[in-house]
Amino acid sequence: ICCFNLRNLVSDGAIFSVEFIKRTDGSIRKMVCRIGVKKHLKGGQKSFSAKAHNLLTVFDMENRGYRSIPVDTIQRLSVNGQTFTFA
């Protein structure tokens with residue numbers, strides 16, 4: 001799975017759930033999130049390139065903040081009533 005394929009499944013503003021393996025400790029993380037949210041931006045730029053690190057920047061709906069998901073560790077994605085499982 002790559003970021004481009006993921007963008008085909010999830011459109012900007014659509015709420016979806018994702019399950020992935022955290023790079024920091026190897027634990028499974030489940031999150032309800034959206035992509036394309038600009039309301040809570042504070043200005044400035046990221047200190048890293050999300051694309052270079054194969055990360056997807058999302059807005060965490062439960063914790064009300066931006067998060068980066070490692071695309072290559074996504075296990076499951078649910079959007080619009082459909083669930084996609086990745087090995």
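Strand S1 (residues 15–21) and strand S2 (residues 28–34) run antiparallel and are joined by seven bridges; strands are DSSP runs (E, at least two residues), numbered from the N terminus, and two strands pair if DSSP finds at least two bridges between them. The model is predicted, so that local features need pLDDT of at least 70 and side-chain atom pairs count only at pLDDT 80 or more, whereas totals for chains, interfaces and linings use all residues. Residues are numbered from 1 along each chain as its sequence is written, and side-chain values use heavy atoms, with hydrogens and water left out.

**Sheet architecture**

- Six strands make up an open sheet with antiparallel pairing, in the order S4-S3-S2-S1-S5-S6.
- Strand S4 (65–70) and strand S6 (82–85) are the edge strands, each of which pairs on one side only.
- From one strand to the next, the twist averages 30 degrees; axes are lines fitted to C-alpha atoms, and angles run from 0 to 180 degrees between N-to-C directions.
- In a regular strand, side chains alternate between the two faces of the sheet.

**Strands S1 and S2**

- Phe20 has Arg29 as its bridge partner in S2.
- The two strands form a hairpin with six residues between them.
- Gly26, in the turn of this hairpin, has a positive phi of about 80 degrees.

**Strands S2, S3 and S4**

- S2 pairs with S3 in the antiparallel sense over two bridges, and Arg34 has Phe59 as its bridge partner in S3.
- Strand S3 (residues 55–60) is joined to S4 by six bridges, and these strands run antiparallel.
- Leu55 has Pro70 as its bridge partner in S4.

**Strands S5 and S6**

- Four bridges connect S5 with S6, and the two run antiparallel.
- The bridge partner of Val79 in S6 is Gln82.
- The hairpin of S5 and S6 has two residues between the strands, and Asn80 takes a positive phi near 50 degrees there.

- Thr73 is located in the loop between S4 and strand S5 (74–79).
- Thr73 counts as buried because its relative accessibility is 15%; buried means under 20% relative accessible area, exposed over 50%, and partly exposed in between, with a 1.4 Å probe and protein chains only.
- The side chain of Thr73 reaches the backbone oxygen of Ile21 at 2.8 Å.
- With neighbours within four places in sequence left aside, Thr73 is in contact (heavy atoms within 4.5 Å) with Glu19, Phe20 and Ile21.

Definitions and conventions. A polar contact is a pair of N or O atoms within 3.5 Å; within protein, one must be able to donate a hydrogen and the other to accept it, and residues adjacent in sequence count only if both atoms are side-chain atoms.
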